[in-house]
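Work through the exercises below with the model open. Each task is followed by its solution.

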Amino acid sequence: MLNELRQQINHIDSQLLSLLNERLQMVEKIAQYKTKNALPILDPQREMAVIHKLQQQAQKADYLLSAADIAQIYQHIFALSRQWQQAKIAEKET
C-alpha cells in the first residue's frame, strides 16, 4: 500500500518537474521580449496578481493549500524565474 502511494507521488513529481521545465521555457521567451523592449525583469504587480488569482482558484476548488502556502510556493517560483531571466539576458550580452 505505501509503495503504491509513493509511486503515485513519484508520478505526480515527474509531472510537476515537466511543467516547471515548460514554464521555464516560457520564461526564456519572456526574457527575450523584455530584453528587446527594455522592460525590467521584476514586475511585482504581475506577481501579486498571479498569486491572488491562484489563491482564489484554490479557494473556489476547495484545494488543501492555504493562501499562505500558495504565496510561498509562487514567490519561490517567481524568484527562480527572475534568476533564469537574468541568466539568459547575461548570456546574450556576452
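**Exercise 1.** Which residues of α1 are buried, and what do they pack against?

*Solution.* Val27, Ala31 and Lys34 are buried in α1. Buried means under 20% relative accessible area, exposed over 50%, partly exposed in between (1.4 Å probe, protein chains only). The buried residues of α1 pack against α3; contact means heavy atoms within 4.5 Å. This is a predicted model: local features need pLDDT of at least 70, side-chain atom pairs count only at pLDDT 80 or more, and totals for chains, interfaces and linings use all residues. Residues are numbered from 1 along each chain as its sequence is written, and side-chain values use heavy atoms, without hydrogens and water.

**Exercise 2.** Describe the burial and packing of α3.

*Solution.* Start with the buried residues: Ile70, Ala71, Ile77, Phe78, Ser81, Gln85, Lys88 and Ile89. They pack against α1 and α2 (44-60). Next, take alanine 67, in helix α3 (residues 67-93). Its relative accessibility is 42%, so alanine 67 counts as partly exposed. Alanine 67 lies 8.6 Å from isoleucine 51, C-alpha to C-alpha, with the two 16 residues apart in sequence.

How values were computed
Helices (H or I, at least four residues) and strands (E, at least two) are DSSP runs, numbered from the N terminus.
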